[in-house]
Amino acid sequence: MTETYKVLLLPGDGIGPEVMRQVRKVTDWLGRKRGLGFELDEGLLGGAAYDAHGTPLPRETLDQAHAADAVLLGAVGGDRWEDLPFDKKPERGLLGIRKELGLFANLRPALVFEAMASASTLKEDVVSGLDLMIVRELTGGIYFGEPAGIEDQADGTQRGVNTLVYTTPEVDRIARVAFDLARKRDKRVCSVDKANVLQATAMWRDAVTRLGAAEYPDVALSHMYVDNAAMQLVRDPRQFDVMVTTNMFGDILSDAAAMLTGSLGMLPSASLGEPDANGQRPALYEPVHGSAPDIAGQDKANPLAAILSFAMMLRYSFDREAEAALVEHAVSDTLGGGLRTQDIMQAGMAKVSTTVMGEAVIREMDKLHNEGQ
Ligand code: NAD
């Protein structure tokens, strides 16, 4: 009997619905050619949800998300909703759903496709073949630690406070995600901290070291201070396999790593929660880019980040490595064939629309499938 994968699609706002339409072509194809059974549900999030229900995160969307095996988001936000009160803004919907699903691990791959190596701001020979995964802790650390706030002082000055807190269970669970990922890759984890200055991250380093020795002796673990990691990312990024780090360090380093790859329109991401009794983790996949209101509705958006986010879903939620690799290979071949959306346009290439790019990926999937991949 074919397994059925229950997927909730949340197209959201701006270019979200356009790129999501291209992902549907991929799910249709996998159903027809590979016999994968997808049960696709669609829901409202962000500005679209506010327009329909007066809230960026309706209860119904949360129920749909809980009922699904995995969620794929397009993007949320736009000028139309800019002046709404803080709790009604589209972005609150995204933060709310991440919180509700308990997504504590953010996975940000930085992958350089051969055909795109010359588009990086770094030299081609530094980034060519780059395949790095940054695992960022998403629900703890200095972004959430208490006390936090701005206090007025008696002398008329102010005092701003944030607190960096981690506990052993928090470090263990994010480190486990990194070690498990490394086992499926090159079996190397680099944990990034500032253990020489911040006690909370000295404790982080000790916890990762203990866990690695006890449960993952087959994975090579190294440690690096965050300042050095920032330098190494732009000096020699290919030295890394999986990098695991705190919320704030991950926020910064993952954006730096993203730039190595050339364009926002190419970057997928995943956020994972605690596994349930069956080992299934709540998971939300989304392109890193926003709703790009400047090009929305014009069939100009690059759909590859959304398609690659779906490939991550195939790999991490459904364990369909062969199909994930097929989709990624098809994206690589499409770029190799010289097609570019406007955001990644290069001299001598053919500029195509969102729709044409989506169709081209399907054609390459067909070819690879017929060749036996
Ligand atoms: P953005 O990522 O939407 O756009 C930045 C620039 O990159 C724009 O010029 C845009 O045209 C271009 N771009 C982005 N994605 C593209 C794609 N797939 N193909 C081609 N070009 C692409 O960021 P922004 O302009 O800072 O924000 C716009 C809106 O999106 C805001 O409301 C913001 O809050 C929201 N936002 C949402 C998310 C999310 O849903 N995860 C993330 C970031 C920003």
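Analyst: The notes below take up these topics in turn. This is a predicted model, in which local features need pLDDT of at least 70, side-chain atom pairs count only at pLDDT 80 or more, and totals for chains, interfaces and linings use all residues. Residues are numbered from 1 along each chain as its sequence is written, and side-chain values use heavy atoms, with hydrogens and water left out.

User: How many salt bridges does the count come to?
Analyst: The count is 23 salt bridges, each being a side-chain nitrogen of Lys or Arg within 4 Å of a carboxyl oxygen of Asp or Glu.

User: What does Arg205 pair with?
Analyst: Arg205 meets Asp193 in a salt bridge, at 2.8 Å from N to O. Arg205 belongs to helix H7 (residues 199-215) and Asp193 to strand S8 (residues 188-193), so the pair ties together parts 12 residues apart in sequence. Helices (H or I, at least four residues) and strands (E, at least two) are DSSP runs, numbered from the N terminus.

User: Is Asp193 buried or exposed?
Analyst: Asp193 is buried, at a relative accessible area of 0%; buried means under 20%, exposed over 50%, and partly exposed in between (1.4 Å probe, protein chains only).

User: And Glu323, which residue is its partner?
Analyst: Glu323 bridges to Arg320, with the closest N and O atoms 3.2 Å apart. Salt bridges with shared partners join Arg34, Arg320 and Glu323 into one network.

User: Where does Phe144 lie?
Analyst: Phe144 is in the loop between strand S5 (131-137) and strand S6 (145-152). Phe144 counts as exposed because its relative accessibility is 51%.
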